[in-house]
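Thanks for coming. I will go through one model today, starting with a strand and ending with a few backbone details. Please have the sequence and the structure open.

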Amino acid sequence: MPLIRPDIDRMAGYVPGEQPQESGWTKLNTNENPYPPSPKVAEAITRAANGRLNVYPDPLGTQVRREIAEQFNVEPDWVIPANGSDENLTLITRTFCDADDLIAYPYPSYILYESLAEIQGARHERILLNADWSWNWDIASPIIERAKVVFLPNPNSPSGNIWSDGDLLRLIPPNGVLVLDGAYADFADTRTKAEILSRPGVGERVIVTRTLSKSYSLAGIRSGFAIAHPNLIAAMRKVKDSYNCDSLTLAGTLAALQDEDWMLANVDRIRTTRARLTDSLKQLGFNFVPSQSNFVWATRPNGGHREIYESLKAQKILVRYMRFPEVPYAPGNLLDGLRITVGTDPEIDCLLDALNGLV
Ligand SMILES: *Cc1c(COP(=O)(O)O)cnc(C)c1O
C-alpha cells in the first residue's frame, strides 16, 4: 500500500516565484506592491499584539466582514475572509468538487488552479486561449457546459489583459460556479467591486475573490476574502479551519480596508510607472500585452527569454521567467516569456538599464 495518496505522489506541486531572503535584490517577480501598506496597518497590528493573544480570534471575522460588505455593497453573510486568497481557492475546490467533477481554467493562466485540482483529485481541463488572449468559444463553450468550477483571473496572469462582462457571463457554467479571481482588479482602468453578483440570473453561480497581497501591499500577512451568495458562503464556512484568520491579520486587514485611499494612491503610482515601462520595453524591441495589472508580459520576436532572465538574475534583478507547454500556436508548442512586476521608478530604471546592456 503506498503511503502517499497517488494523486499527490503523481503531481509536480506548485512552484511559487523565488523569495530570496537576503537584501540587495530588485524583486520584480511575484507581483508584490513595491510601496508599503498604510501605516495604520502596523498600528492596528501592534494594538492587537498588545491585546489578548491568549484567546482565539473571532472565527467569522465579523468586523472585517462588515467593512467588506459595506464597500462591496452586499450583506455581511455574503463575505468570507481567508488566510490569503489562495486559501479561499482551496476552500472552493474542497466545498464544490468531488472526484468526478470538472475544474476548468483558461490556459495560459495562473497555474495554481491546476495544482489545486490535482490536490483535490478532481478532473481538470485547460481552456486554451487564442494567441491574443481572447476566448475561442468553440473550445471554451463545451468545457464550460460540463464544468463544476471555472477559475478565472480577471485581469489574467501572466498576460495582464482584462475580459469584458459579456465574456464573463458566457463563462458561467450552467451546472457549477464561476470563480472570478480579482487579485489584480484594483489595477484595471475600470475598477469593479462585485457588481456582477447582482446581475439577473447570476444568483448562486459566481464567486468573487480578492486579495490584500497586491493592491493593499500586504502579501506578508496573508489576507484575502470571497464574496458570493450566502448559501455558497455558508457551505465554505463548514470546510474552513475554525480560526482560519488570526487576530493580527484580522486587525491589519480591517485597518487596510478602512484606508482605501492609501491603496488607491499606490495603485495610481504603479499605473503611471507601468506606462513608462511598457513604452521603454517597446523601444527595446519587446512585444507586450497592454496591461490592466501590476505586471507586464513581455516577449521578444526571437525568444531568448530564459537567457535574459538568467542574465538579469546574475545582476540581482529578479523577473519571472514563465513557460507554458502544449500551446499549439507557439513555436515548438511552447509559449514562454518574462512577467515583469511594476516596481518603483528607480527599480524599473535599474531593470531598463540592465536590459539596455542585454538586448
Ligand atoms: C497573487 C494571486 C493570488 C494569491 O493571493 P494571496 O492572497 O496572496 O493568496 C490569487 N490569484 C492570482 C491570480 C494571483 O496572482
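Which helix makes a right-handed β-α-β unit with β5 and β6? The helix is α7, residues 165-170. Right-handed here means that, with the strands pointing away from the viewer, the path from the first strand over the helix to the second runs clockwise. Helices are DSSP runs of H or I with at least four residues, strands are runs of E with at least two, and both are numbered from the N terminus.

Before going on, the conditions. This is a predicted model, so local features need pLDDT of at least 70 and side-chain atom pairs count only at pLDDT 80 or more, while totals for chains, interfaces and linings use all residues. Residues are numbered from 1 along each chain as its sequence is written, and side-chain values use heavy atoms, with hydrogens and water left out.

Back to β5, residues 149-153. Five of its five residues are buried, so the strand is largely enclosed by the rest of the structure. Buried means under 20% relative accessible area, exposed means over 50%, and partly exposed is in between, with a 1.4 Å probe and protein chains only. Val149, Phe151 and Pro153 point one way, Val150 and Leu152 the other. On one pairing, β3 (residues 102-107) runs parallel to β5 with two bridges, and Ile103 has Val149 as its bridge partner. Pairing requires that DSSP finds at least two bridges between the strands. The pairing of β5 with β6, residues 177-181, is also parallel and has five bridges; there Phe151 is partnered by Val179.

Next, the ligand. The residues around it include Gly84, Asp86, Tyr110, Asp181, Thr211, Ser213 and Arg222, where the criterion is a heavy atom within 4 Å. Polar contacts are pairs of N or O atoms within 3.5 Å; within protein, one must be able to donate a hydrogen and the other to accept it, and residues adjacent in sequence count only if both atoms are side-chain atoms. A ligand oxygen atom lies 2.6 Å from a backbone N or O atom of Ser85. For Thr211, a polar side-chain atom is 2.5 Å from a ligand oxygen, and for Lys214 the corresponding distance is 3.0 Å. Alone, the ligand exposes 390 Å², of which the protein buries 93%. Those areas come from the Shrake-Rupley method with a 1.4 Å probe; for residues, only the protein chains shown count as cover.

Ser213 sits in the loop between β7 (206-211) and β8 (224-227). Is Ser213 buried or exposed? Its relative accessible area is 6%, so Ser213 is buried. The side chains of Ser213 and Arg222 make a polar contact of 3.5 Å.

Another loop residue is Trp133, between β4 (123-128) and α6 (137-146). Trp133 is buried as well, at 6% relative accessibility. Beyond four places in sequence, the residues it touches include Pro108, Trp163, Val289 and Trp297, contact being heavy atoms within 4.5 Å.

Finally, the backbone. Pro108 lies in the loop between β3 and α5 (112-120), and the peptide bond from Tyr107 to Pro108 is cis, with omega near 0 degrees. A cis peptide bond also joins Asn154 and Pro155, with Pro155 in the loop between β5 and α7. Lys316 has a positive phi near 65 degrees and is partly exposed at 33%. Asn333 has a positive phi of about 60 degrees and is partly exposed at 41%.
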